[in-house]
Amino acid sequence: MDLGIAGKWALVCGASKGLGFGCAQALLREGVNVLIVARGPEVLQASASKLIADSAGPTGAAVEFVAADITTPAGRQAVFAVRSDFDIVVTNAGGPPTGDFRDWDRDAWIKALDANMLTPIDLIKATVDGMAARGFGRIINITSSAVKAPIDILGLSNGARSGLTGFVAGVARSPLAAQGVTINNLLPGAFDTDRLKSTLQGAAQKTGQPLEAITAARRKGIPAQRFGQVEEFGALCAFLCSQQAGYINGQNVLADGGAYPGAF
């Protein structure tokens, strides 16, 4: 299927590895020019090289990269100094640490909110009007399945991402929708990423159980009986950015192998 987005420009955050990289790769393979952002310059450079090798194929799409912390004003300024207009924005930032809510002070909460709520809001604010003026825009916020089914040790993430979800629910239903701009959230469940490994390690430390047992139990609790792969997550992101997905707006799209037990 031709997704109809070749030649568009996409900003993909947290794209040096994991889900962000999967999204950047999938968009690039659809002919979308990508600007990828991540904090670690060495890993980002290596990831950009992989994407550039991909772009040498039939699409010939461009790859740019900026090593910056997108969760800071300086980081966002560095990105927009390179390019200010985007047709597609994929917001993504590393989740806050796991732990017991009793141990989190105000600074911990503010840091989580800055990264996983306020940064996406700033990126939306900076780009949607240009999208609306051009008559096309796609914003995808990578949040978490924990928004629908909270996990006790992910309290910082539960709170910050739920705040973003509420904000997006309103903005997606504003007049922007009639100007061709959609805003959706992608909610990953257990995907084979460093973040999952960190969460499983945290659960093992909290319970005193072996990591292997915790991992096996988590996998067994997924009807698909496996963890997700970043490539399939990227493909889902690319579809939500497509011309064909123009009538999908303000939604929380869950990708968790069927783990969520609810009907709605």
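Because the model is predicted, local features require pLDDT of at least 70 and side-chain atom pairs count only at pLDDT 80 or more, whereas totals for chains, interfaces and linings use all residues. Residues are numbered from 1 along each chain as its sequence is written, and side-chain values use heavy atoms, with hydrogens and water left out.

One cavity of 30 Å³ or more is present in the structure, a cavity being a set of points, on a 1 Å grid over the protein atoms alone, where a 1.4 Å probe fits but cannot get out. The volume of the largest cavity is about 80 Å³, where a volume is the space filled by probe spheres set on the points, and grid points are joined across faces, edges and corners. Its lining, made up of residues with an atom within 4 Å of a point, comprises 14 residues, and Thr91, Asn92, Ala93, Ala115 and Pro120 are those that lie nearest the centre. Two or more residues of this lining come from each of helix H4 (106-134), strand S5 (137-142) and helix H5 (155-171), the elements being DSSP runs numbered from the N terminus (helices H or I, at least four residues; strands E, at least two). The most is given by H4, with five residues. By class, the lining of the largest cavity contains seven nonpolar residues, six polar and one charged; Ala, Val, Leu, Ile, Met, Phe, Trp, Tyr, Cys and Pro count as nonpolar, Asp, Glu, Lys and Arg as charged, and the others, Gly among them, as polar.

H4 and H5 also pack against each other, with axes that come within 9 Å and cross at roughly 25 degrees; axes are lines fitted to C-alpha atoms, for helices over the stretch in contact, and angles run from 0 to 180 degrees between N-to-C directions. H4 is therefore roughly parallel to H5, given that angles under 35 degrees count as roughly parallel, over 145 as roughly antiparallel, 65 to 115 as roughly perpendicular and the rest as oblique. The contact (heavy atoms within 4.5 Å) involves residues that include Trp109, Met117 and Pro120 of H4 and Arg161, Leu164 and Phe167 of H5, and its composition is 13 nonpolar, four polar and one charged.

The second largest pocket has a volume of about 380 Å³, a pocket being an open set with protein on both sides within 12 Å along at least five of seven lines. Among the 19 residues that line this pocket, Ser145, Ala149, Ile151, Ala190 and Arg218 lie nearest its centre. Helix H6 (194-207) and helix H7 (211-220) are the elements that give two or more residues to the lining, H6 giving the most, with three residues. The lining of the second largest pocket has 13 nonpolar, four polar and two charged residues.

H6 and H7 pack at an angle of about 120 degrees with their axes 9 Å apart, and are therefore oblique to each other. Arg218 of H7 takes part in their contact, as do Leu211, Ile214 and Thr215 of H7 and, from H6, Leu196, Leu200, Gln201, Ala203, Ala204 and Thr207.
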